[in-house]
Number of protein chains: 2
Amino acid sequence: MPRPKRGGAAAKRRGRPTATIAQLPAGQRQNPYPPVEIISADQVEAIHHASLDVLQRIGVNFLLDEAREMLAAAGAEIDGQRVRFDRAMVAQHIKSVPPIFTLHGRNPAWQRRFGKNYINFGTVASPPHVTDLDRGRRTGNFEDYCQLLRLGQALNICDIVSGYPVEAVDIAPAVRHLETLRAAAKLTDKNLFGYSLGRQRIRDAIEIARLARGIDHDTLRREPSMFTVVNANSPLQYDGPMLIGVIECARMNQPVVFTPFTLAGAMAPITVAGALVQQNAEALAGITFAQIVNPGAPVVYGSFTSNVDMKSGAPAFGTPEYVKATLISGQLARRYNFPFRASNANASNAPDVQSAYESMMSIWPCVQAHCNVVMHGLGWLEGGLTASYEKMVIDAELLQMMAAFLEPIDISPEAFGIDAMEEVGPGGHFFGSAHTLARYETAFYAPLISDWRNFETWAEAGAVDATARAQQTYKQLLAEYQQPAMDPAAEEALDDFVDRRIAEGGAVGE
Amino acid sequence: MPRPKRGGAAAKRRGRPTATIAQLPAGQRQNPYPPVEIISADQVEAIHHASLDVLQRIGVNFLLDEAREMLAAAGAEIDGQRVRFDRAMVAQHIKSVPPIFTLHGRNPAWQRRFGKNYINFGTVASPPHVTDLDRGRRTGNFEDYCQLLRLGQALNICDIVSGYPVEAVDIAPAVRHLETLRAAAKLTDKNLFGYSLGRQRIRDAIEIARLARGIDHDTLRREPSMFTVVNANSPLQYDGPMLIGVIECARMNQPVVFTPFTLAGAMAPITVAGALVQQNAEALAGITFAQIVNPGAPVVYGSFTSNVDMKSGAPAFGTPEYVKATLISGQLARRYNFPFRASNANASNAPDVQSAYESMMSIWPCVQAHCNVVMHGLGWLEGGLTASYEKMVIDAELLQMMAAFLEPIDISPEAFGIDAMEEVGPGGHFFGSAHTLARYETAFYAPLISDWRNFETWAEAGAVDATARAQQTYKQLLAEYQQPAMDPAAEEALDDFVDRRIAEGGAVGE
């Protein structure tokens, strides 16, 4: 039975001070600037009303008897698998959504807020493949899964290990969630995630999050300690395992991120506005259901609206349409006072220029829409089919730059430095001025991989491009990785639970 | 004496329809969204007042007797080369700046507006080196200069050939401006630029712009037909050739872009706020002078504030500090109701991931600050020391994506497509719906180089990365380039003038 290795060398280094790669410090980040809004309040209302029309006229399929029974009891109209929602019913139930909640990793340093202008970043989740420059693309496996966890742990900008950074296909499906969650709970002390893949798996995930923190069930209910993502099976459908995830998480007060998969032209109307109407309808249906399960349960409004390439049907990300959809989704989330999720996505097949500019076309609207959790923040390639070691580091650079942009600017007479200008005088330079010397160590963002040396120096040093520098950096981060200490009692309880559940066969039946 | 070749094959193709590379159509672009503002109106006023303090207390060196005489006559305080400006004097003179003006290329299709929410893109200007993947980095020369002009002409997103896309070092300095401007006027029909490198050169540039359009001097004065950039020799200094450029252009009503070169930590205080105070002081000094020369002359407020790498002193671009400086510069420009210029800059030594993400960190704030002219929009590398063929195309993709983002979104019941959702129903797909079929050809942005095929198809096709695809695209664009037709009388007059000026020896003396 594979277990994450503690790594002899890494363990020996555990007493060492900080890593030698300079990073921005970890911490709760906030966006001090107003959100960017590209449509009017009236237009937001038009989308809102159109989505309520969809819920009333067309409705949404809920592929779980238990869910439809609860919805019927709450006043929804049931017609086979179809559930239609009255406008007043939706308005009534979404009132109980908390506008902000706190997620608790096993290390209190990673406690994070979701709502308002708080922003958090997670790793890539769920790709079936993994790639790096040395070994190329291969099927996901437990060893790469653990290495990507270590890399996520080592990067300060990463707040959340948001699901499997790659699928550990070499672990049997019935026990995969147990082995992988144990590894996540040990190799990282950041915020945890559980997949909604049936009742046993999500219950196991919640229990592992509880045991990792060493808390009782009441504390778990008061302090959300993991979260899940529930995708609508767009258009207008929620499947059984996802709905079970809603029920189990909402009952235990663990957050559910509702993310319709509304690719314009394929699973949603071909217009950005139409895809957003459908996204909004699906999200409201899911959120209404979660509030019926447990009024006040934490939920997040998720946007994943993008478009397909109409020539091939392939999904595209980081497109101009994605920018518009993400910014408007933020406006919709704020209209309801819901926490908001979006993603750092791209469709490139390599950690190349396309992957960088499409990620930038994703990250900018995420930040400016006041996204509270940027899923797939680090490491995603190929529209989510591959996790890339190099892209993890490239994305860490992009996200760190945005975090530095979000640090408020000092507009004070001292910052203006007029005395320094007088001291230096026309035609002089500021390198040696007192104003400079007092500030030069922390004045500017220090990059992870950007190389600002002149061409000659860079060429003499081997003309290493940014992707290859990212490769060097991920290797160094892994070499310097230190497994976070864990309370021995919590670790023992966690191991006992996982070992027992594995002995039981893991997820069997529903 | 080198002359741009008309290119036999290209000339034969001149009758052909459009190029086979699909691009966004050319046209005047506007930003329909509100500008992004990251400091308060009070903070903008604080920077404004601090810069007036600088102008009053420290002043600016004007290294030209003629300029200081004009400034003295207008009431400035002169002390050697130093010029100090009274607050009221600045306020009085900047009142006459036109908030918007129109630039006229020789083809009316390229007529462009500068001011309000109009946005225009220019090529890289002035690098001494040129590079491409085949041949590597080399000293700038006339042949590459012409090829980059052709590429700029071929790219619809490029509105302006904004200076030499690379320096033609193989042409003697005294006649370089004549040969290069003749080539620009013939190989492109877009908006022209002249360097402020002494009286004869800028006068020749203005005359070439006039002759290329075949207009008289009165029309030239009414219709700006070229523009120049005047950089402060920061800190707080304008040199003689630049000031001559101001005098000559302002007298002929040709626009002057005032761009202080305020690299925080080197030529400006180490704080973003301090660098902006100095930028604002320098820009106001230059703009005040231009309005003294000719009240109402068109000018542009230019921002180039970035930071240096404090370890090496090397300039950095596309940094978080650059983002802040650019957005706040837009706020300052709007405070005065000035047209606004910024740049698409990066400090990478290769057309790699760094060049893409730093460019994105430049382009986003340019667009969101309501920049009217994005200089160095296409092709710049190495902090402006090299022009890259591949980066020209990569940047065209980035700028096209932003242009598509700026196309207003359709928020109408027809766009919502609720009938299509009903037709498709839960779990279906929209590929064949009437709503899709009516829109699929133009629904989404079609990229220049982004490859959205799945990994297997992409790998079978050679696993060509985005930079290599940009190489293929620039070659195809050059192969498809068609020299724009020119009025024979205008061409003859242009040739006569340039030949005569070359026979005279070009720029001799001042």
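How many salt bridges does the rule find across the interface of chain A and chain B? Six, where a salt bridge is a side-chain nitrogen of Lys or Arg within 4 Å of a carboxyl oxygen of Asp or Glu. Before you click on, note that this is a predicted model, in which local features need pLDDT of at least 70, side-chain atom pairs count only at pLDDT 80 or more, and totals for chains, interfaces and linings use all residues. Residues are numbered from 1 along each chain as its sequence is written, chains are lettered from A and ligands numbered from 1 in the order written, and side-chain values use heavy atoms, with hydrogens and water left out.

**Stop one: the interface**

Select Glu456(A) and Arg137(B): their side chains meet in a salt bridge, 3.4 Å from N to O.

Next, select the whole contact (heavy atoms within 4.5 Å): 112 residues come from chain A and 112 residues from chain B. The two chains bury about 9,200 Å² between them, 72% of it on carbon and sulfur atoms; that is the accessible area (1.4 Å probe) lost by two parts on being put together, summed over both. Pick out Tyr357(A), Phe444(A) and Trp452(A), which supply 9% of the area that chain A buries against chain B, more than any other three residues.

**Stop two: salt bridges within the chains**

Over all chains, the count comes to 66 salt bridges. Start with Arg138(A) and Asp132(A), at 2.8 Å from N to O. Both are buried, that is, under 20% relative accessible area, with exposed being over 50% and partly exposed in between (1.4 Å probe, protein chains only).

Then go to Arg453(A) and Asp451(A), whose closest N and O atoms are 2.8 Å apart in a salt bridge. Arg453(A) is partly exposed at 36% relative accessible area, whereas Asp451(A) counts as buried at 8%.

Switch to chain B and select Glu248(B) with Arg199(B), another salt bridge at 2.8 Å between the closest N and O atoms. This pair links distant parts of the chain, helix H9 (residues 240–251) and helix H7 (residues 199–213), with the two residues 49 apart. Glu248(B) and Arg199(B) are both buried.

**Last stop: a network**

Finish by selecting Glu179(A), Arg182(A), Lys186(A), Glu491(A), Asp495(A) and Asp499(A), which are joined into one network by salt bridges that share partners.

Terms used
Helices (H or I, at least four residues) and strands (E, at least two) are DSSP runs, numbered from the N terminus.
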